[in-house]
Amino acid sequence: MRCTEEGFTCRSSVQAVASECRWKVGLSLGTAVTAYQEAVVREQTLRGPRGFLLPTVIGYPKGRFPGEKGNEVVVAIGSDALSRAETFNLVHPAQGTRANRRPALLDFALRLRHQMRKKRKDQPWGVVAYPTHCHPDRLRELRSIAGELFERLILVEEPLLLAMGKYHELSTRCALFVDLGASATRFHLFTAQAPFPEGEVMIPQGGNAIDAGIREAILRTYPELLLTDSTIAQIKEKLGFVSPINRRSTLQITYGCSRRDLDLSDLLQEACEKQVAVVLEGLQKVTSRCPSDLVEEFLGNVFLLGGGARLRGLRERLQLELLQQGFSMASVAYVPGPQSFIAKAALRWALATADDRWEVPLFNYR
Ligand SMILES: Nc1ncnc2c1ncn2[C@@H]1O[C@H](COP(=O)(O)OP(=O)(O)OP(=O)(O)O)[C@@H](O)[C@H]1O
Ligand SMILES: [Mg+2]
């Protein structure tokens, strides 16, 4: 049995091909979190990469609505929007299919562009990640948004970015990546540095499903407690855990001069344990698609990424579960920087792509 925190070796430093564009970006626009990485090539020297993570959320000042002229300046996005939750109307533009999804996504993209370009006069070229099984409508939407952000763009499927992963190259023959996102948990098999045919499984349960479980359990136990979606997500991120971790998770409620401590340990553990079941189900499904003599090798190189990989105890628990199932070679590890891993790989792709391979955005959202 091997227990590793870092299962990757970095064999080569970032290499950039000659390009007329000096500023390259890798972007992953998730339903919960937007991650981007940028690098600037100046006098044949690479500056960066620099990374940014922001919640995919947009805040509108009261009385303002998605799609209105001038929104790119008055709206707030990311943590800035969350910190103004009391006075701004918050919208999660990449979640759901509400009528205002389109204009809200456009406002988010325009504000992001405003933030990205604050200190620069030139325009970036960007590689944008998209998940496997992405609906064609969503892909069109992503391409239009990318057209607002970048002068040239390439859309690349997430497993290909993971496979390329030259930024942190795999040192093993087979690997199994588990991407624990907000809307889904995705499983990808690789042999050498290529995706494995048919080796993709998606279970439409992720961090949002855990949040829903926590909300339900809190309402059942403390019906008087009304919490916003982002507070519930924060409670999970700060206090959530699965066994073998055992901790006391208390929430302090202050109301005027009175203070109350609520012990949420059991409730949080119960809700978070569902993520373990989802991962085990996905591992079983995805390994049932590969030759039986390779199963041990895949399970010997399981890598967790995405925000859900940060759940306390998850790696240790999965390791134990696989051992109990008889996989003595099982090894579960985190990738470095689990939430920005895909954006980093996208930047790597951007830096390695020759100028004649980029798309010129032909249409946009407006
Ligand atoms: N410490 C933590 N413990 C548990 N969950 C966490 C932790 N930190 C972040 N998360 C969860 O990870 C999820 C966000 O992960 P990620 O950034 O990979 O999602 P995403 O890419 O936006 O989602 P998707 O891929 O489904 O579009 C959220 O549900 C968030 O609450
Ligand atoms: Mg994601």
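Which helix holds Ala212? Ala212 is found in helix H6. Helices here are DSSP runs of H or I with at least four residues, strands are runs of E with at least two, and both are numbered from the N terminus.

Some ground rules. This is a predicted model: local features need pLDDT of at least 70, side-chain atom pairs count only at pLDDT 80 or more, and totals for chains, interfaces and linings use all residues. Residues are numbered from 1 along each chain as its sequence is written, while chains are lettered from A and ligands numbered from 1 in the order in which they are written.

Now the overall picture. The chain has eleven helices and 15 strands. Its C-alpha atoms fill a box of roughly 60 × 55 × 35 Å along the principal axes. For 366 residues, a compact globule would have a radius of gyration near 21 Å, and the chain agrees, with 21 Å. That radius is taken over C-alpha atoms, and the globule rule is 2.2 Å times the number of residues to the power 0.38.

Buried residues make up 42% of the 366. Buried means 20 or more other C-beta atoms within 10 Å of the residue's own; exposed means 12 or fewer; partly exposed is in between; C-beta atoms are placed from the backbone. On contacts, take those with a separation of 6 or more: residues 24 or more positions apart account for 73% of them. A contact is two C-beta atoms, placed from the backbone, within 7 Å.

Domains next. Domain 1 is 23-162 + 340-357, domain 2 is 170-205 + 271-334, and domain 3 is 208-270. The bounds come from an automatic or database domain assignment. The C-alpha centres of domain 1 and domain 3 lie 31 Å apart.

What surrounds ligand 1? There are 21 residues in the shell, and the closest are Gly30, Gly181, Gly207, Gly306 and Gly307. The elements giving two or more residues to that shell are helix H6 (207-221) and helix H7 (229-239). H7 gives the most, with three. The cut-off for being near is a C-beta atom, placed from the backbone, within 6 Å of the molecule. By type, the shell has six nonpolar, twelve polar and three charged residues. Nonpolar covers Ala, Val, Leu, Ile, Met, Phe, Trp, Tyr, Cys and Pro; charged covers Asp, Glu, Lys and Arg; the others, Gly among them, are polar.

Back to Ala212 in H6. Ala212 is partly exposed because it has 15 other C-beta atoms within 10 Å. Its C-alpha atom is 36 Å from that of Thr191, 21 residues away along the chain.

Compare helix H11 (residues 341-352), where Leu347 sits. Leu347 counts as buried because it has 28 C-beta neighbours inside 10 Å. Beyond neighbours within four places in sequence, its contacts include Lys24, Val25 and Pro49.

Helix H8 (residues 265-287) has 23 residues and should span 33 Å at 1.5 Å a residue; its end C-alpha atoms are 33 Å apart, which agrees. The expected span uses one less than the number of residues. Among its buried residues are Leu267, Cys272 and Val286.

Most residues other than glycine have a negative phi, and most peptide bonds are trans. His133 has a positive phi of about 65 degrees, in the loop between strand S7 (125-130) and helix H4 (136-149). The bond from Ser243 to Pro244 is cis, with omega near 20 degrees. Pro244 lies in the loop between H7 and strand S12 (250-255).
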